[in-house]
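Please look over the sequence and the model shown below. The report that follows goes through its two chains and the contact between them.

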Amino acid sequence: MRSTLDFRRPLLIGGACAVLAAGGCKNEEAKPAENPTGAVFADFAKRVDAYMKLRKTLVDSVGELDPTKSQAEITTRATKLASSIIAARAQAKPGDIFTPEFSALVATLIKQEYSRRPDSVQETREDQQDELPDFVPKVNTLYPTTYPLATFPATLLPLLPPLPEQLEYRVVQNYLVLRDIEANVILDVMPNAVPS
Amino acid sequence: MRSRFGAAIIAVALAAAPLGAQVYLPMKSGSVRFLVLGDAGTGGREQYEVANQMVRYGKTFPFTFAIMLGDNIYGSERPQDFDRKFTRPYKTLLDKGIEFDAALGNHDDPNQRFYKPFNLGGNRYRTFKKGNVRFFVIDSNYLDPEQLKWLDKELAASGSDWKIAYFHHPLYTTARRGPEVEVRAVLEPLFVKYGVDVVFSGHEHIYERYKPQKGIYYFTVGGAAKLRRGDTHPSPLLSARFDRDRSFLLAEIAGDSLYFQTVSRIGAVVDKGVLARRGVRP
């Protein structure tokens, strides 16, 4: 399992460059600092890393969770962790992690990935729209447990920066959501990220 | 009116249900025997009725473990929900020591990986071995590059064992929502490359068995509690389909053969057969 971030992963950058078809992407592995995509993703990495540092201190206070027969123990621990995160990030607002620069880049990646999909995939996705949760996601709140977690488009994930295993991306309506899995807390939201 | 008519049909069918479990599996010495169920965790009456048939068949066909194809717990996941939607309906099986090996569905909180009775060991995906069979439990909700890398490595290392993959979303189905073609795009090449023999999925609340697609047998077994009546459609790719009631599947692997039978909520056998593994098929 992955526990650390590697935002200079060649596959990722290569994929992003291919999708963006932007000039200046050819030598980004050798000179990542000169690549605008790499710089935006590196900034995102720093923001995620800052959250993970905060999270670690909170996890230390509630304890790590090991497999248990007791669902009550899992629920109690998740609730405690969520409360700690929400309290510690009381001032959190949209864009803290998904910065405008990051959002613009990712929205373009997603849009271009969607436009390249064959008709059969488009039709399938349309058929599956009814599975998408229809609530409005808000930063620093719990993901409502009454909604399913929509399947994340498998062909899209390789284009996005990897996350620590404690976090994940999700799609809610046309929002891209960053979610703390164990705590079930929405960390940031990106409106209009996913084509309707 | 419709519900009364439906109830009448169920009543007639129950009256006509066989008294003894009709097991068509060979029960060979040393074979690997297991149960397959999908989309089970409603806590509703139908889940309990299907569970009763599992117990009934288990008396004649003693299986040792059950693979769950996701949507293990629908709706809220409070401790009392795990009781009503899992431990109570399957109490008899759990008391007998039947091991439940769950995959995660789109209705499942990923924290289910910490719930010991689901045997995920804190992970979203894993592999385990029973006899000469290697199972790959995949999280099809979130196929990140890390998981695909893991799968590639584990499939490569699985050698000559039977290879069975299971996860929530079907790569092939005739159901209304259609196959998960994006999931198929990333998983199927690996399955073909490493010779996966059989794939089990749920998600669609029906039963379907496909003719081999690129050499792989695909089953959808998503009706252990919910039902989308009339949601399978004729297709030349299908070997069997059933969408008139809930169902689960019993399987036995002995040597190079996988024997199976699919059982409905009233205990009727709705499909059965034997599959040969890759390399020994005619």
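What percentage of the 196 residues of chain A count as buried? The share is 31%, where a residue is buried if 20 or more other C-beta atoms lie within 10 Å of its own, exposed if 12 or fewer, and partly exposed in between, with C-beta atoms placed from the backbone. The structure is a predicted model, in which local features need pLDDT of at least 70 and side-chain atom pairs count only at pLDDT 80 or more, while totals for chains, interfaces and linings use all residues. Residues are numbered from 1 along each chain as its sequence is written, and chains are lettered from A and ligands numbered from 1 in the order in which they are written.

**Chain A**

Chain A has five helices and three strands; these are DSSP runs numbered from the N terminus, helices being H or I of at least four residues and strands E of at least two. Along the sequence their pattern is α-α-α-α-α-β-β-β. The three strands make an open antiparallel sheet in the order 1-2-3, and two strands pair if DSSP finds at least two bridges between them. Strand 1 (167–172) and strand 3 (185–190) of chain A are at the edges with a single partner strand each, so one side of each has no neighbour in the sheet. On average, neighbouring strands of this sheet are turned by 30° against each other, direction ignored, with axes taken as lines fitted to C-alpha atoms.

Strand 5 (residues 133–137) of chain B has five of its five residues buried. B:Val133, B:Phe135 and B:Val137 lie on one side and B:Arg134 and B:Phe136 on the other. In a regular strand the side chains alternate between the two faces of the sheet.

| Strand pair | Sense | Bridges |
|---|---|---|
| Strand 4 (residues 126–130) and strand 5 of chain B | antiparallel | five bridges |
| Strand 5 and strand 6 (residues 162–166) of chain B | parallel | five bridges |
| Strand 2 (residues 175–180) and strand 3 of chain A | antiparallel | five bridges |

Strands 4 and 5 of chain B form a hairpin with two residues between them, and B:Gly131 in the turn has a positive phi of about 55°. B:Arg134 of strand 5 is opposite B:Lys129, and B:Arg134 also stands opposite B:Lys163 in strand 6 of chain B. From strand 5 the chain crosses through helix 5 of chain B to strand 6, in a right-handed β-α-β crossover.

**Core of chain B**

The largest nonpolar core has 106 residues, and B:Tyr166 is one of those that touch the most other members. Such a core is a set of buried Ala, Val, Leu, Ile, Met, Phe, Trp, Tyr and Cys residues joined through C-beta atoms within 7 Å. Beyond four places in sequence, the contacts of B:Tyr166 include B:Phe135, B:Val137 and B:Val199; a contact means C-beta atoms, placed from the backbone, within 7 Å.

**Where the chains meet**

The contact takes 34 residues from chain B and 34 residues from chain A. On the chain B side, helix 3 (79–87), helix 5 (145–156) and helix 6 (181–194) each supply at least two residues, and the largest share, five residues, comes from helix 6.

Methods
Two residues are in contact if their C-beta atoms, placed from the backbone, lie within 7 Å. A crossover is right-handed if, with the strands pointing away from the viewer, the path from the first strand over the helix to the second runs clockwise. Axes are lines fitted to C-alpha atoms, for helices over the stretch in contact, and angles run from 0 to 180 degrees between N-to-C directions.
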